[in-house]
Amino acid sequence: MTTAIGRKAAPARNIVAFRSYQSQAETLVKTYLLADPFIPYTSVFAGIFACKMVYDLCQLISSFYFRTYTTLTKIQRTEWNNRGMSTVHAIFISAVSTYFAFWSNLFSDQNPDGLLITRSSPLSTFTLGVSAGYFLSDLGMICWFYPSLGGLEYVVHHSLSAIAVAYSMYTGEGQLYTFMVLISEVTTPEINMRWFLDTAGLKRSYAYLINGVVIFFAWLVARILLFIYMFYHVYLHYDQVIHMHIFGILLVFGVPSALGVMNLMWFGKIIKGLKKNLSKRV
């Protein structure tokens with residue numbers, strides 16, 4: 001009888017202990033990890049840690065499930081894993097950025113909480129910190145393996161992105177426009193898929209052609225039209241933008257302008273490549 005009662009009491013004690021640990025973990029997260037003074041630091045660290053974890057998982061999964069991976073050179077495997085890492089970040093940041101820029105009430109004109117240009121929240125700041133951690137990680141890899149993972153244009157792109165995202169995260173200024181620009185990361189998975197298909201010897205496949213068409217439209221919307229809309233939004237809210245710190249104002253106008261020029265140059269190459277691919281199909 002006593003043994004039976006003891007066995008019944010054991011699961012109850014385990015549940016109580018689990019809830020106690022869960023409560024302690026939640027307290028730790030709220031008090032330190034997501035506490036306003038620590039968010040800029042914990043979020044960047046979380047982004048770097050996530051990059052390392054995704055990179056290693058990509059390496060592990062690819063070695064088991066993709067035959068092409070085992071035939072690649074060492075630097076090609078590094079680029080394969082790096083592109084897997086950037087794809088995960090792109091999906092995450094473009095989805096969250098779309099939410100904050102167009103669906104969340106945080107940056108709505110109907111929101112009476114101060115100037116739109118200075119609004120932020122713990123979640124928006126943490127998200128930007130994770131993205132800053134990615135850009136720093138990827139920039140470090142690009143520089144370490146330069147120019148195998150990308151040339152000077154990638155160094156400039158990631159440097160400008162890291163500076164703008166970090167500034168917006170630390171100061172809370174211009175987060176809306178930072179999220180608008182980060183939505184352009186939605187084109188990264190398609191760009192990476194083109195590289196994966198090419199590396200796998202599928203450059204002449206219909207999948208490669210369809211992916212090229214998707215790149216064209218995604219790039220047009222996310223990196224051309226959206227940038228035009230962002231500058232129009234800045235124009236409409238210029239009376240608020242001028243209340244930013246001078247460095248923040250330079251970033252709001254300078255970084256999107258520089259990235260916009262690069263986007264137009266790359267878009268020209270995308271159009272040429274798509275025309276060439278389509279002409280071979282006719």
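Student: What do the side chains of Arg-83 and Glu-79 do with each other?

Tutor: Keep in mind that this is a predicted model. The general idea is that a salt bridge calls for a side-chain nitrogen of Lys or Arg within 4 Å of a carboxyl oxygen of Asp or Glu. Here Arg-83 and Glu-79 pair up that way, with N to O at 3.0 Å.

Student: Why are those two about one helical turn apart?

Tutor: Because they sit four residues apart in helix α4, which covers residues 74–103.

Student: Are Arg-83 and Glu-79 buried or exposed?

Tutor: Buried, both of them. The cut-off to keep in your head is under 20% relative accessible area.

Student: How many salt bridges does the rule give in total?

Tutor: Three. Another one joins the side chains of Asp-56 and Lys-52, at 3.4 Å from N to O. Those residues are also about one helical turn apart, since they are four residues apart in helix α2, residues 39–65.

Student: And how do I read the accessibility of Asp-56?

Tutor: Between the buried limit of 20% and the exposed limit of 50%, a residue is called partly exposed. Asp-56 comes out at 31%, so it is partly exposed.

Student: Which residue does Glu-185 form a salt bridge with?

Tutor: Arg-223, and the closest N and O atoms are 3.9 Å apart. This pair ties together distant parts of the chain: Glu-185 is in the loop between α7 (175–182) and α8 (188–199), while Arg-223 belongs to helix α9 (residues 206–236), 38 residues away. As for burial, Glu-185 has a relative accessible area of 6%, so it is buried. Arg-223 is buried too, at 7%.

Student: Back to helix α2. What does the side chain of Thr-42 reach?

Tutor: For a polar contact, look for N or O atoms within 3.5 Å. Thr-42, a residue of helix α2, has a side chain that gets to the backbone oxygen of Ile-39, at 3.4 Å. Thr-42 is buried as well, with 17% relative accessible area.

Student: Where does UniProt place the "transmembrane region" feature?

Tutor: The unreviewed UniProt entry puts it at residues 38–66, 87–106, 126–147, 209–232 and 244–267. To read such a span, check its secondary structure and how far apart its ends are. Residues 38–66 are 93% helix and 0% strand, with 40 Å between the end C-alpha atoms. For residues 87–106, the figures are 85% helix, 0% strand and 27 Å from end to end.

Terms used. Residues numbered from 1 in each chain as written. Predicted model: local features only at pLDDT ≥ 70, side-chain atom pairs only at ≥ 80, totals over all residues. Heavy atoms only, no water. Buried < 20%, exposed > 50% of the residue type's maximum accessible area, 1.4 Å probe, protein only. Polar contact = N/O pair within 3.5 Å; in protein donor to acceptor, adjacent residues only side chain to side chain. UniProt positions renumbered as here; feature names shortened; annotations may be inferred.
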